[in-house]
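Please read it alongside the sequence and the structure.

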Amino acid sequence: MSTLHRLRSLLKTLGFKPNYAGISNEQRRNIVLTPCLASMRAVSSYSKDLKDVCHSNAVKGRLTLNSFSTVTVNRLCWKCGASADLFFCSICKVIQPPDNKTSYFDILNCEEHFTLDTLKLQQKFVALQRFLHPDNFTQKSQKEQEYSEEQSALVNKAYRTLQKPLSRAVYMLELRGVLLEEGMDATADPAFLLEVMEINESLAETRSQDEVSAIGRLVQGKLKDLTERMNSSLNRGDLLAAKVLLNQMKYFTNIQEKVKDRITQGC
């Protein structure tokens, strides 16, 4: 009876006045409890769905704001004054201005090694641009739009630099204070320069697609060997040897581009 009493009070509060004349107590409980239990099950299901959605959004939030902000930067958010990560504020989540002193490896959240998994690098680049691209900030303030453009441009530059072995090697040596001179390297080994000249002459004289492809394979093999030696030199901290190898990579990369042009043009 206590259950019926509480149900009656609830229905009375809701303005529901049923006519129970000639209906047993058991029938009354069925009339009232069936829709109420169904409703409670619906609410329970909704609560679970809501909890799952909130958890999913929380996970997405962590991926959005923290996955690419592993670098510690000593600065405050321009908007709320809280501690700011590399890309977003940890509190108000607003986008931050780019930190041009941060290395490209840190920007793309990868270890500073010459040998990189370029597929993973591309995946990180694409994922990061999903969050920083200016198209996502068209409804934001002018300052946020500007920061988005600057951040996106910096990420593009970082990716272009680290994507290819030659530009990656140049950048890694620059981080270590070693700069590559413009033009021909006066200190280059004469035998090496002679080899490069002969390959260039062969490429210029050939009119056969097969011969051009053969030169391309030769140069590709040279670059693979130089890449492995460059990795070894950087790992052991031999910057002088790395600089010599970098100049050689520059020559062979130049020939490789000529080979690609010849193949594209059909010789």
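**Aromatic contacts, helix packing and a cysteine**

Tyr104, Phe105 and Tyr171 are joined into a cluster by ring pairs. The model is a predicted one, and six aromatic pairs are found in the structure.

**Tryptophan 78 and tyrosine 147**

- Tyrosine 147 is buried, its relative accessible area being 15%, whereas tryptophan 78 has a relative accessibility of 28% and counts as partly exposed.

**Phenylalanine 192 and tyrosine 251**

- The ring centres of phenylalanine 192 and tyrosine 251 lie 5.6 Å apart with the planes at 65°, and since planes over 60 degrees apart count as edge-to-face, the pair is classed that way.
- Phenylalanine 192 is part of helix α7 (residues 190-205) and tyrosine 251 is part of helix α9 (residues 239-265), so the pair ties together parts that are 59 residues apart in sequence.
- Phenylalanine 192 is buried at a relative accessible area of 8%, and tyrosine 251, with a relative accessibility of 16%, also counts as buried.

**Packing of α7 and α9**

- The axes of α7 and α9 are 11 Å apart, and the two helices pack at an angle of about 5°, which means that α7 is roughly parallel to α9.
- On the α7 side the contact is made by Phe192, Leu193, Glu195, Val196, Ile199, Asn200, Leu203 and Ala204, and on the α9 side by Gln248, Tyr251, Phe252, Ile255, Lys258, Val259 and Arg262.
- Sorted by class, the contact of α7 with α9 comprises 10 nonpolar, two polar and three charged residues.

**A charge over a ring**

- Arginine 168 places its charged end over the ring of phenylalanine 114, at 5.4 Å from the ring centre.

**Cysteine 89 and its surroundings**

- Cysteine 89 is found in the loop between α2 and α3, and with a relative accessibility of 1% this cysteine counts as buried.
- Cysteine 77 is 12 residues from cysteine 89 along the chain, and the C-alpha atoms of the two are separated by 5.8 Å.
- When neighbours within four places in sequence are left aside, the residues in contact with cysteine 89 are Cys77, Cys80, Ala82, Ser83, Ala84, Val94 and Gln96.

Notes. Residues numbered from 1 in each chain as written. Predicted model: local features only at pLDDT ≥ 70, side-chain atom pairs only at ≥ 80, totals over all residues. Heavy atoms only, no water. Phe/Tyr/Trp six-rings, centres within 6.5 Å; stacked < 30°, edge-to-face > 60°. Buried < 20%, exposed > 50% of the residue type's maximum accessible area, 1.4 Å probe, protein only. Helix = DSSP H or I, 4+ residues; strand = E, 2+ residues; numbered from the N terminus. Lys NZ or Arg CZ within 6 Å of the ring centre and 35° of its normal. Axes fitted to C-alpha atoms, helices over the stretch in contact; angles between N-to-C directions. Parallel < 35°, antiparallel > 145°, perpendicular 65-115°, else oblique. Contact = heavy atoms within 4.5 Å. Nonpolar A, V, L, I, M, F, W, Y, C, P; charged D, E, K, R; others polar.
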